[in-house]
Amino acid sequence: ELLGERVVEAVTAGGNPNAIRTLFDSVNDGVCLHDPRAEELLDVNGTMAELTGYDRETLLDRGVACVSAGTGRDTCDRAYELQRGVAETGEAETVEWAIETADGDERLLEATLTPATVDGEDRVFVVSQDVTERRELEATYRGVFENVSDGLVVHHPETGEIRDVNTRFCEMNGYDREDLIGETVDVVTAPAYSYDQTQERIRAAREEGPQLFEWRNQRADGETYPVEVHLSVVEIAGE
């Protein structure tokens, strides 16, 4: 959960200005306050200054153009368009936004734009987290996931619902990825094995540790074939 949401709630509720300022500066996320109609950056907190490498005065003076990695008016226009859209619909929106820091480093922010009313005026809070390392890790994971020679499938440790598969797993079983996501592993299990047997293997991996065993899969065309399965519980993105 974004801690910056507390700032939005406090401002909207009309809390004590000093308390709001303290909260504004204490959250770990970068927070910006925009006037969507005047296309003006009104305030930023210390975390936003740290994320960008610019001091507060520079950010307020130069606005969106100061840190956006894209060059030209189009980038600013897109930012202002998003702000106006959020203000008009009253619905928050989360986007990824590339910035360039004062040192010339490019970072990727996950920014949530939230409408608010401040002193009777329409405003938009933008609460940002630096997700650069997270996206790089995800790309590395995906690269490894797709380039191994074995079929890999990620499924829910209790229900067996398929959450992800690599290309090799699709090729082995004759399905497209879209055909498998959301199904259970039973869809690629040969009729010789029951769903209960599948669940028992999953339970053993969950409670006893990694399991290595022989099994039979069934391809989309109905053909069955033998496989050696290594089943283990892993943590991905905290799950």
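**Entry 1: Val 131.** I began with its contacts: leaving out residues up to four places away in sequence, Val 131 touches Leu 108, Leu 109 and Glu 110, where contact means heavy atoms within 4.5 Å. I also checked a C-alpha pair: Val 131 and Glu 110 are 21 residues apart along the chain, and their C-alpha atoms are separated by 6.3 Å. Val 131 sits in the loop between S5 and H6. Helices (H or I, at least four residues) and strands (E, at least two) are DSSP runs, numbered from the N terminus. Is Val 131 buried or exposed? Val 131 is buried, with a relative accessible area of 0%; buried means under 20%, exposed over 50%, and partly exposed in between, with a 1.4 Å probe and protein chains only.

**Entry 2: ground rules.** I reminded myself that this is a predicted model, in which local features need pLDDT of at least 70, side-chain atom pairs count only at pLDDT 80 or more, and totals for chains, interfaces and linings use all residues. Residues are numbered from 1 along each chain as its sequence is written, and side-chain values use heavy atoms, with hydrogens and water left out.

**Entry 3: the whole protein.** I found nine helices and nine strands in the protein. Of its 239 residues, 38% are buried. Among contacts with a separation of 6 or more, 39% are between residues 24 or more positions apart. The protein exposes about 13700 Å², and carbon and sulfur atoms supply 45% of that, by the Shrake-Rupley method with a 1.4 Å probe.

**Entry 4: the cavity.** How many cavities of 30 Å³ or more does the structure hold? I got one. For the search, a 1 Å grid was laid over the protein atoms alone; a cavity is a set of points where a 1.4 Å probe fits but cannot get out, a pocket is an open set with protein on both sides within 12 Å along at least five of seven lines, and lining residues have an atom within 4 Å of a point. The largest cavity has about 300 Å³ of space, a volume being the space filled by probe spheres set on the points. Its lining has 21 residues, with Cys 32, His 34, Val 64, Trp 97 and Val 126 nearest the centre. Elements giving two or more residues to this lining include strand S1 (30-35), helix H5 (73-89) and strand S5 (121-130). By class I noted 16 nonpolar, five polar and no charged residues.

Entry 5: The largest pocket has a volume of about 1400 Å³. It is lined by 38 residues, and Val 153, Val 154, His 155, Leu 231 and Ser 232 lie nearest its centre. Among the elements that give two or more residues are helix H9 (195-208), S8 and strand S9 (224-231). The lining divides into 22 nonpolar, nine polar and seven charged residues.

**Entry 6: Gln 211.** I then turned to Gln 211, which lies in strand S8 (residues 211-218). Gln 211 is buried, at 17% relative accessible area. A polar atom of its side chain lies 2.9 Å from the backbone oxygen of Gly 209. Beyond four places in sequence, Gln 211 is in contact with residues including Arg 201, Val 229 and Leu 231.

**Entry 7: Glu 39.** Last, I looked at Glu 39, in the loop between S1 and S2. Glu 39 has a positive phi of about 55 degrees although it is not a glycine. Most residues other than glycine have a negative phi. Glu 39 is partly exposed, with a relative accessible area of 29%.

Key: A polar contact is a pair of N or O atoms within 3.5 Å; within protein, one must be able to donate a hydrogen and the other to accept it, and residues adjacent in sequence count only if both atoms are side-chain atoms. Ala, Val, Leu, Ile, Met, Phe, Trp, Tyr, Cys and Pro count as nonpolar, Asp, Glu, Lys and Arg as charged, and the others, Gly among them, as polar.
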